[in-house]
Structure formats: structure tokens, C-alpha cells
Amino acid sequence: MSLQDKKIGGLIQKAFRPCIIVLNKIDLLENSFDRRNWGKESRLLIQRELPFLSYAPVVALSAEKKWNYQSLFTAILLVDQERKKCIPTHEVAEFFQRTLHQFPPQPIQGKRLKIYYATQLKDKDSSKAPPCPTFVLFVNNLTLLKAAYKKFLEGKLRQTFSFTGCPILWKWKKAQGKKPLLIQK
């Protein structure tokens with residue numbers, strides 16, 4: 001993987017755009033590479049070289065020999081469908097309620113992060129829809145929100161709702177005089 005590939009991957013991540021990683025020219029690897037096992041090996045390579053794009057599906061193909069184009073088209077349709085996926089607010093709230101109950105964040109100076117309200121940002125006019133799934137969360141104190149816990153929540157959200165090929169954009173806001181809508185212990 002070249003430095004240029006990593007730079008392009010970084011630009012995709014910073015722009016919060018959906019992504020599919022395409023490995024071309026697998027026909028050149030025919031003698032030294034078991035095409036049946038390309039998936040596992042290529043995913044490990046991508047995770048090591050582009051860990052910030054771990055959500056992106058990987059498709060190997062040969063443009064010259066026209067191998068595996070159908071997998072690319074299938075991946076494109078899947079990522080577009082995932083990008084447009086809208087989770088109802090009650091399901092988002094239930095997800096965070098369940099996750100915070102099972103895996104509460106560590107207290108900081110005796111205080112614990114609380115999420116009062118959570119929803120997925122949607123726009124009825126699909127032309128104005130965010131480029132990726134966007135979640136707005138209202139919390140008691142933004143300083144109690146740590147990067148490791150955000151990453152943990154994203155992993156749990158992906159386990160539950162997938163969002164294959166899509167980055168997840170978080171908008172964290174301080175709740176203004178609201179009572180918790182999510183039950184937390």
C-alpha cells in the first residue's frame with residue numbers, strides 16, 4: 001500500500017464520505033496468491049495499513065480480466081443503502097439505554113457521563129441528507145466524554161446497525177436543563 005493510498009484514505013475519512021476499498025490487479029498475484037483466501041488476507045492488510053477505514057468493505061478484482069466486477073457492484077449498492085439507512089429515534093434511544101446500562105462509562109472525579117437524548121439526524125429532502133449516518137446526542141457534561149468511550153460506542157452501534165462502508169458522524173451537545181430521557185444507573 002503506497003503513501004498516496006494512505007493520504008487518499010485520510011482525505012476520505014476527514015470528509016466523512018462512504019468508502020469501498022478496491023484492490024485491482026489480483027490476476028497478477030495468481031501464482032503467489034490463493035484467490036480463495038484473498039478476503040481474509042486483504043482485510044488484515046487493510047486493517048493494518050488503513051485502520052481509520054476499518055468500516056469500508058474490501059473488493060478484489062481484475063479490471064483487465066474482468067474478474068469479480070459483480071462483487072464491486074454489490075458493494076456499491078450495499079454502501080449506498082447503508083448510507084441512507086434511518087434508525088427510528090426510539091430504537092436509537094433503546095440502543096443507548098441498553099449499552100449504557102451494560103457498559104457504563106468510567107466515572108471521572110465522581111461524575112459519570114449521561115446521555116439524555118439521542119437521535120439520528122435526518123432530512124426529509126434526501127438531497128440535503130448528510131453524507132454519512134449522523135447522530136446527535138445530548139449529554140450532561142461534554143468533558144466527561146472520552147475518545148475511547150466514543151470509539152467503544154461506535155463499535156457497539158456498528159454491531160447493532162452495521163452501516164457498512166459509512167463513517168459515523170457524532171454531534172455531541174450539552175443538554176440545557178433537560179431531565180434524562182434515557183434511564184441510567
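Visitor: I'd like to start with helix H1. What span should the residues of H1 have, and how far apart are its end C-alpha atoms?

Guide: H1 has 12 residues, and at 1.5 Å a residue they should span 16 Å. The end C-alpha atoms of H1 are 16 Å apart, so the two values agree. Keep in mind that this is a predicted model.

Visitor: How many helices and strands does the chain have?

Guide: There are 5 helices and 5 strands. If you walk along from the N terminus, their order is α-β-α-β-α-α-β-β-α-β.

Visitor: Now for charged side chains. How do I read a salt bridge?

Guide: Here's the general idea: side chains of opposite charge can pair when their charged atoms come close. The cut-off is a nitrogen of Lys or Arg within 4 Å of a carboxyl oxygen of Asp or Glu. By that rule, the count here is 6 salt bridges.

Visitor: Which residue forms a salt bridge with Lys 6?

Guide: That's Glu 49, and the closest N and O atoms of the pair are 2.7 Å apart. This pair ties together distant parts of the chain, since Lys 6 sits in helix H1 (residues 3-14) and Glu 49 in helix H2 (residues 38-49), 43 residues apart. Glu 49 also meets the side chain of Arg 48 in a salt bridge, at 3.7 Å from N to O. Put together, Lys 6, Arg 48 and Glu 49 make a network of salt bridges.

Visitor: Is Lys 6 partly exposed or buried? And is Arg 48 exposed or buried?

Guide: Lys 6 has 31% relative accessibility, so we call Lys 6 partly exposed. Arg 48 comes out at 58%, so Arg 48 counts as exposed.

Visitor: Which residue does the side chain of Lys 85 meet in a salt bridge?

Guide: Look at Glu 82: the N to O distance between Lys 85 and Glu 82 is 3.1 Å. Lys 85 is partly exposed because its relative accessibility is 22%. Glu 82 has 7%, so Glu 82 counts as buried. The cut-off for buried is under 20%.

Visitor: How much of the chain is buried, then?

Guide: Buried residues make up 35% of the 185 residues. One place to look is strand S3 (residues 115-120), which is mostly covered, with 5 of its 6 residues buried. Another spot is Val 59 in strand S2 (residues 58-60). Val 59 has a relative accessible area of 5%, so Val 59 is buried. The C-alpha atom of Val 59 is 8.4 Å from that of Asn 24, although these two are 35 residues apart along the chain.

Visitor: Let's turn to strand pairing. In which sense do S3 and S4 pair?

Guide: First, a general point: in a regular strand the side chains alternate between the two faces of the sheet. Here S3 and S4 are antiparallel, paired over 5 bridges. Within that pairing, Ile 115 stands opposite Val 139 in S4.

Visitor: How do strands S4 and S5 run?

Guide: Strand S4 (residues 134-139) and strand S5 (residues 169-174) are parallel, joined by 6 bridges. To get from S4 to S5 the chain goes through helix H5 (residues 147-161), and this β-α-β crossover is right-handed. Across the pairing, Leu 137 stands opposite Trp 172 in S5.

Visitor: Which residues form a nonpolar patch on the surface?

Guide: Start with the general idea: an α-helix has 3.6 residues a turn, so residues three or four places apart point the same way. In this model, Tyr 69, Phe 73 and Ile 76 form the patch, with about 260 Å² of accessible area together. Ile 76 belongs to helix H3. Its relative accessible area is 40%, so Ile 76 is partly exposed.

Visitor: Last one: what is the phi of Asn 68, and where does Asn 68 lie?

Guide: Its phi is near 70 degrees, a positive value in a residue other than glycine. Asn 68 lies in the loop between S2 and helix H3 (69-84). With 29% relative accessibility, Asn 68 counts as partly exposed. Lys 25 also has a positive phi near 70 degrees, and Lys 25 is in the loop between strand S1 (21-23) and H2.

Definitions and conventions:
Residues are numbered from 1 along each chain as its sequence is written. This is a predicted model: local features need pLDDT of at least 70, side-chain atom pairs count only at pLDDT 80 or more; totals for chains, interfaces and linings use all residues. Side-chain values use heavy atoms; hydrogens and water are left out. Helices (H or I, at least four residues) and strands (E, at least two) are DSSP runs, numbered from the N terminus. Buried means under 20% relative accessible area, exposed over 50%, partly exposed in between (1.4 Å probe, protein chains only). The expected span of a helix is 1.5 Å times one less than its number of residues. Two strands pair if DSSP finds at least two bridges between them. A crossover is right-handed if, with the strands pointing away from the viewer, the path from the first strand over the helix to the second runs clockwise. Patches are made of residues with over 30% relative accessible area and no salt bridge: like charges are joined within 9 Å, nonpolar side chains (Val, Leu, Ile, Met, Phe, Trp, Tyr) within 5 Å. Accessible areas come from the Shrake-Rupley method with a 1.4 Å probe; for residues, only the protein chains shown count as cover.
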